[in-house]
Amino acid sequence: MKKIDISSNINEIKFPLCIMNASGVLCSTERELSNLLDSNSGGVVTKSCTYKPRKGNDLPRYFEWDGGSINSMGLPNFGIKFYLDFLEKKKINKPIFLSISGCSSEENYFLIQKANESSKVTAIELNLSCPNLLEKEDMLGYKFHKFIENIFKFNKKPLGIKFPPYFQDIHIKNVAFILNQFPIFFVTCINSLPNGLFVDIDKESVVIQPKKGFGGIGGSIIKPFALANIHKFYTYLRKDISIIGCGGISSGRDIFEHILCGASVVQIGTQFMKEGISVFERLEKELIFILEKKNYSSLNNFRGKLKNIQ
Ligand SMILES: Cc1cc2nc3c(=O)[nH]c(=O)nc-3n(C[C@H](O)[C@H](O)[C@H](O)COP(=O)(O)O)c2cc1C
């Protein structure tokens, strides 16, 4: 039987397997991160960190149901020093992405500088979802351009940006136009769909405490939006900027769809929360099974090759 290869790469960064965790899900504490390092995920991304530790929002702040999840965590994390110190102690055998999420441009410059000083960090995933950072309009224009320009005045590490979902073609086109002018390695799309509401009909109430129950939505129900963002970024970005697909993956079939739309690597959030560390092994098996059936030997056979109806 043909050997099936589901490794991948983002420029020179090699992933033994194209499946990894999504930031924020079971990647905050030493134990969670050690589990991920020991697991057969293809890479590890840490919980988005800030300069100082943050407690995050009041509980309950996460809720899940069959079709997805809602959360308003408020960025609970132990601060960048904790994550860099942890990595320093560890033997690393796969790509390590440090997710950072400063609440001002200056905080992000500082966090990027710190990440640059660590030899254990393979790449930086800059999470721009902190609400204080850039308003939606700023992301599409001059302020965002200036922010990225400043980063590349000093940054030497592979760096990518994690985006919220966009719902209009022109927004993705504008963001891609700016990114194409800089040595960005990757984009990760998408973060949770913002401002969702889940209702418990027995209690006639919301299900999470912060923000009167409003929160970010993840899981199966957001997959079509993830696929749309991946495919549009794939169309508009320079071909050497890779896409990390995130959103709504719970099966090998979902991964196939993400890659067909243009993703090189995929991240698992809600499903990892629901299923635990064994999710990576199951998804790997399911993806290999699909490739076998289709007689494909690697991701290159179908990455980005989504067809239109003729
Ligand atoms: C509990 C929880 C915490 C999260 N924290 C972060 C975070 O710190 N940084 C980040 O970039 N995304 C965070 N996310 C978003 C996920 O990384 C992911 O983008 C989103 O959940 C969509 O993927 P999914 O459909 O597989 O869940 C979080 C999601 C959840 C469910």
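Biologist: In what order do the 4 strands of the open sheet stand?
Modeller: This is a predicted model, in which local features need pLDDT of at least 70 and side-chain atom pairs count only at pLDDT 80 or more, while totals for chains, interfaces and linings use all residues. Residues are numbered from 1 along each chain as its sequence is written. Strands (E, at least two residues) and helices (H or I, at least four) are DSSP runs numbered from the N terminus, and two strands pair if DSSP finds at least two bridges between them. The pairing in this sheet is antiparallel, and the order is β5-β6-β14-β11.

Biologist: Which are the edge strands of the sheet?
Modeller: Strands of a sheet pair through backbone hydrogen bonds, either parallel or antiparallel. An edge strand here pairs on one side only, and the two that do so are β5 (62–65) and β11 (193–197).

Biologist: Which residue in β6 is the bridge partner of Phe63?
Modeller: β5 and β6 pair in the antiparallel sense, and 4 bridges connect them. Across this pairing, the partner of Phe63 in β6 is Ile70.

Biologist: How many of the residues of strand β9 are buried?
Modeller: A residue is buried if 20 or more other C-beta atoms lie within 10 Å of its own, exposed if 12 or fewer, and partly exposed in between, with C-beta atoms placed from the backbone. Leu159, Ile161 and Phe163 point one way from β9, whereas Gly160 and Lys162 point the other way, and all are buried. β9 (residues 159–163) is therefore largely enclosed by the rest of the structure, its buried residues being 5 of the 5.

Biologist: Which residue in β10 stands opposite Ile161?
Modeller: Strand β8 (residues 123–127) runs parallel to β9 and is joined to it by 4 bridges, with Leu126 opposite Ile161. β9 also pairs in the parallel sense with β10 (residues 186–189), over 4 bridges. In β10, the residue opposite Ile161 is Val187.

Biologist: Within what arc do the buried residues of α9 fall?
Modeller: Val279, Phe280, Leu283, Leu287 and Leu291 are buried in α9, while Lys285 and Lys293 are exposed on the other side. The arc is that of the directions from the helix axis to the C-beta atoms. Seen down the axis of α9, the buried residues line one face of the helix, because they fall within an arc of 95 degrees.

Biologist: How far apart are the end C-alpha atoms of helix α9?
Modeller: The expected span of a helix is 1.5 Å times one less than its number of residues. For the 16 residues of α9 (residues 279–294) this should give 22 Å, which agrees with the distance between the end C-alpha atoms, 23 Å.

Biologist: Which element gives the most residues to the shell around the ligand?
Modeller: A residue is near a molecule or strand if its C-beta atom, placed from the backbone, lies within 6 Å of it. Of the 28 residues around the ligand, Ala22, Gly24, Gly218, Gly269 and Thr270 come nearest. The elements that give two or more residues to the shell are β6 (68–71) and α8 (270–275). With 3 residues, the element that gives the most is α8.
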